[in-house]
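Below is a short briefing on a predicted model.

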Amino acid sequence: MNFDPLIARLRAGNTAALARAISVVENERPGFERLLAEVHHSLGRARRIGITGPPGAGKSTLVERLVAAYRQAGQRVAVVAVDPTSPFTGGALLGDRIRMESVALDDGVYIRSMGSRGSVGGLATTTREVCDLLDAANFDRILVETVGVGQSELDVAGMTDSTVLVLVPESGDGIQTLKSGVIEVADLFVVNKADRPGAEQLRRDLEVTLGLRRRAGRQADAVLWKHPVLLTVATKGDGISELIAALDRHHAWLLESGTLQERRTRRLLHRTREVVDRATRRWVWEEARADQRIAERLEDISAGRVSPYEVAAEVLGGLKQGERT
Amino acid sequence: MTAASRPIRVLVAKPGLDGHDRGAKVVAAALRDAGMEVVYTGLHQTPEMIATAAVQEDVDVVGLSILSGAHMALFPRVRQMLDQMGRPDILITGGGIIPAEDMDQLQALGIGRLFGPGTPTAELISYIQSWASEHLEA
């Protein structure tokens, strides 16, 4: 398929074209990698900001407030909001737009909902690539809202410039903040719904944890990022300008310390490996007729006549032989 | 290992002033359980908000629940806006308290099948699925 007209319309700011291009990538339609290759040289302009946190922490409301603030500053903003896909039916209820109504009709705002579609890291498998298209469509800020996460869904940190972890006073005590996982990858911390009891306590706990980690770190003080812990009440708009300022400070630090370049290079390495991995898998499964051959042996595996390991070796052995002839 | 099939994407919205969205939520949940990706935008949506969301989300189908009696204004308005935004291919369907002659008239204006109160959700699901198999690329 020739994507040139689509790309031209996308760059010219046509929303339907952008939306269609995103679907091509999200559905991994034939040729979607060519589409991504076409836009690749015009990337790097947008700041990518991840918003993650447990369900009900107020991520969508916070995103709406951030969008409104960035719009006031004249920036064009795109939002990608991910909600979970049912592993049983493949269906999903994507409800994040409900909280973003006040910015929904703004020409400088684009909101896209994605089902996680089998990915377990808090994003969809193609959210990264979708952000590339938004970057190519000349948005200044891309806000990526993850599904409501627990402790270990960290994908967002690998694909954004700045990651914000949104917690609420009920999120737990000092021990929770000491645990590994999402706490380790966030660049900024927000205690939302801070008009509830316990917000100050959680902030202090977080600051202690982050301070301990800084002291244990090996980086020199000058290049160290001091993770801010901010209090917000997103429904009232409290603390939003402070969060915007902290995000700006983080971006400045990313630039000065060389971390931005480092993160983007790491992202590109990861992306390249991913593309190779995807192509390899597709090639092996098709070339070895793996599904078919496993199905043929399933009865034997089930009856215990042969082990899964032997069948896998048969499948892959066939592939190697095919190569030689 | 084939990525050939993709979920049908549906926007479920509740235009107009009536504040009753239980039906819309039931429909949204049923479509989700039928394996569709349902973008739910909630109450009090204007035709402009609905059309904008449908285009941004690149949905295949827009489902509207209208109980206020304003269906003769709202359905054609959403159709018109989607056409203007370059998406005449999106199916508009829905339900509510709509007299049969109004349904006929709306269909003549490019609206899909409409369903009265109490219709089993299975009927809507099979309508959307058969429309999709005819109109969407595999």
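Chain A has 12 helices and eight strands, where helices (H or I, at least four residues) and strands (E, at least two) are DSSP runs numbered from the N terminus. This is a predicted model, in which local features need pLDDT of at least 70, side-chain atom pairs count only at pLDDT 80 or more, and totals for chains, interfaces and linings use all residues. Residues are numbered from 1 along each chain as its sequence is written, while chains are lettered from A and ligands numbered from 1 in the order in which they are written.

**Overall make-up of chain A**
- Taken along the principal axes, the box filled by the C-alpha atoms of chain A is roughly 65 × 50 × 40 Å.
- Of the 325 residues in chain A, 39% are buried (20 or more other C-beta atoms within 10 Å of the residue's own, with C-beta atoms placed from the backbone; 12 or fewer is exposed, in between is partly exposed).
- Among contacts in chain A with a separation of 6 or more, 73% join residues 24 or more positions apart; a contact requires C-beta atoms, placed from the backbone, to lie within 7 Å.

**The sheet**
- An open sheet of seven strands in chain A runs in the order S4-S2-S5-S1-S6-S7-S8, with parallel pairing (two strands pair if DSSP finds at least two bridges between them).
- The edges are strand S4 (109-115) and strand S8 (229-231) of chain A, each with a single partner strand, so one side of each lacks a neighbour in the sheet.
- From one strand to the next, the twist averages 20°; axes are lines fitted to C-alpha atoms, for helices over the stretch in contact, and angles run from 0 to 180 degrees between N-to-C directions.
- Strand S2 (residues 77-83) of chain A pairs with S4(A) in the parallel sense over seven bridges, and A:Asp83 stands opposite A:Gly115 in S4(A).

**Helix H4 of chain A**
- 10 of the 14 residues of H4(A) are buried, so the helix is largely enclosed by the rest of the structure.
- The buried residues include A:Lys59, A:Glu64, A:Arg65 and A:Tyr70.
- Just after H4(A), A:Gly74 has a positive phi of about 85°.

**Interface with chain B**
- In chain B, 28 residues are in contact with 27 residues of chain A.
- Helix H1 (22-33), strand S2 (37-45) and helix H2 (47-56) of chain B are the elements giving two or more residues to the side that touches chain A.
- Strand S3 (residues 92-94) of chain A pairs with S2(B) in the parallel sense over three bridges, with A:Ala92 opposite B:Glu37.

Note on methods. Two residues are in contact if their C-beta atoms, placed from the backbone, lie within 7 Å.
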